[in-house]
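Subject: the structure, and what turned up in it

Hi,

Here is the structure I promised to pass on. Have a look at it first, and my notes follow below.

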Amino acid sequence: MFDAMRLIEKLPEMLSGEELIQKMSILPVYEEEVCRNGSDAERLMKLSDLYNIYLPSQMSTEIYSKLYLAILRSLQKKGTKLAVQQMNSNKRNMNEATNSRGNQEYSGIIGGSDSFTIIGTSGIGKSSAISRALNLIMANQIIYLEEPYVKIIPCITVQCPYDSSVKGMLLEILRKVDGELETTYYKNALRARATIDMLIGSVSQVCLNHVGLLIIDEIQNVVNSKNGKSLIGSLTQLINNSGISIGMIGTPESEIFFGQAMQLARRSLGLKYTALPYDVYFYKVCDTLFRYQYVKHHTELTDGIVRWLYEHSAGIISIAVSLVHDAQEIAILNQKESLDMSVLQEAYEQRMGMLHDYIQPTVQCSRGRKTKKKSCVSKQEEKAVSKTTEEIQENLIQTLVKQAKKEKTDIVELLKEYVQVEVIV
């Protein structure tokens with residue numbers, strides 16, 4: 001046995017507030033010289049910096065706290081009396097499974113309900129948030145103790161197999177551990193032709209000794225697989241027999257699966273996120289993206305452009321980034337050299353065709369009727385739109401009305417500069 005506090009002291013200090021936001025942020029250097037004098041090839045290459053931008057949101061800070069505390073809880077169990085008893089129990093059960101080659105029931109001594117889920121719409125940035133959080137938490141990578149000699153991996157991430165194969169996932173965990181610690185658990189399991197029961201015991205021992213947090217990504221694969229419940233059952237055994245925390249990451253469709261039974265639902269408590277609302281954070285993201293313009297003629301960000309980006313991305317950050325990136329790419333390649341609304345619309349039509357069925361922006365007509373396209377947000381989401389959104393829209397309309405009166409022009413023509421308008425005669 002050893003003092004778990006010695007392990008915890010090896011973890012980086014937990015961050016919060018502005019310090020956490022600052023350290024999670026990624027803002028590549030904008031090279032104005034490349035924008036002014038660079039060749040098309042140079043500007044296109046620098047344009048890829050847009051995909052490296054990361055602005056933490058409330059989701060980012062919540063995920064960081066969840067992962068840090070999960071690793072902390074796991075480390076607190078290492079080296080305790082219960083952990084030693086669990087180790088001995090796992091060893092006995094593995095020997096029995098080897099001798100009998102039958103189904104072996106593992107008993108959880110250390111136990112714990114340390115599983116959780118992070119469920120969110122694809123593309124909203126949950127994987128990026130997890131990656132940024134782990135980069136901060138795992139600053140020291142592998143945790144070492146000299147006496148007794150111990151090596152702990154704070155976190156291992158594996159992907160849920162597409163067919164939800166229990167054996168495939170257990171072997172992948174061993175393979176990942178071998179890659180970090182230069183051990184031979186994976187090769188030994190293959191050589192012994194280990195059964196699922198033997199593998200559960202082996203992986204439990206390895207996690208108990210060497211792993212803090214296990215993250216299973218793409219957990220929605222269990223939904224349409226006949227092996228789904230078996231995989232979740234195996235993960236439950238792994239939690240009980242190893243005492244580690246297990247985080248399951250997936251899309252909203254996995255909620256249906258976990259809600260089928262109480263034993264599944266209690267294993268899926270955690271964080272849930274949907275597409276971003278049209279609020280100050282989304283405006284900040286758009287403002288940051290527009291600072292990285294590598295076209296010759298700079299375009300100022302307007303409220304109308306922000307609204308257009310929201311409606312044509314459905315509040316999904318990755319799509320908004322792709323729209324701004326591809327619009328600039330088109331502008332550079334076609335010698336238009338301006339990130340205006342026409343180029344953004346061209347990028348949406350040419351590059352986002354596969355997403356049009358999922359992103360259906362509202363199109364207002366001059367007679368107050370709507371086209372067949374529907375709003376990209378549901379009624380509930382529309383009600384949840386922040387006060388900031390209403391103020392932006394109201395200010396835009398008021399400004400355009402005043403401009404139309406002053407210049408004695410048609411308000412429809414002015415609206416076309418900010419939103420897509422279809423005139424029905």
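A word on terms before the helices come up: helices here are DSSP runs of at least four residues, numbered from the N terminus. Please also keep in mind that this is a predicted model. The chain averages a pLDDT of 81, and 80% of the residues score at least 70. One stretch to treat separately is residues 362–389, where pLDDT stays under 50.

I'll start with helix α15, since Glu311 and Arg307 both sit in it, 4 residues apart, or about one turn of the helix. Their side chains meet in a salt bridge, at 3.1 Å from N to O. Are the two residues buried or exposed? Both Glu311 and Arg307 are buried.

A second pair is Arg351 with Glu329, whose side chains form a salt bridge at 3.0 Å, N to O. Arg351 belongs to helix α17 and Glu329 to helix α16, so this pair ties together parts that lie 22 residues apart in sequence. Arg351 counts as partly exposed because its relative accessibility is 35%, and Glu329 counts as partly exposed at 21%.

Lys336 is in the loop between α16 and α17, so here the parts tied together are 10 residues apart in sequence. Glu346 is buried, with a relative accessible area of 17%, while Lys336 is partly exposed at 41%. The structure holds 11 salt bridges.

Now the nonpolar side. The largest nonpolar core has 43 residues, and Phe282, Leu309 and Leu344 touch the most other members. Helices α3, α14, α15, α16 and α17 each supply at least two of its residues, with the largest share, 10 residues, coming from α16. Setting aside residues up to four places away in sequence, Leu309 touches Phe282, Cys286, Phe290, Leu323, Val324 and Leu344.

Last, Val222, in the loop between β4 and α11. Why does Val222 count as buried? Its relative accessible area is 0%, and the cut-off for buried is under 20%. Beyond its neighbours within four places in sequence, Val222 has contacts that include Cys160, Ser164, Leu231 and Phe257. Val222 and Phe258 are 36 residues apart in sequence, and their C-alpha atoms are 9.7 Å apart in space.

Cheers

Technical notes:
Residues are numbered from 1 along each chain as its sequence is written. Side-chain values use heavy atoms; hydrogens and water are left out. pLDDT is the predictor's confidence in each residue, from 0 to 100. Contact means heavy atoms within 4.5 Å. Buried means under 20% relative accessible area, exposed over 50%, partly exposed in between (1.4 Å probe, protein chains only). A nonpolar core is a set of buried Ala, Val, Leu, Ile, Met, Phe, Trp, Tyr and Cys residues joined through side-chain atoms within 4.5 Å. A salt bridge is a side-chain nitrogen of Lys or Arg within 4 Å of a carboxyl oxygen of Asp or Glu.
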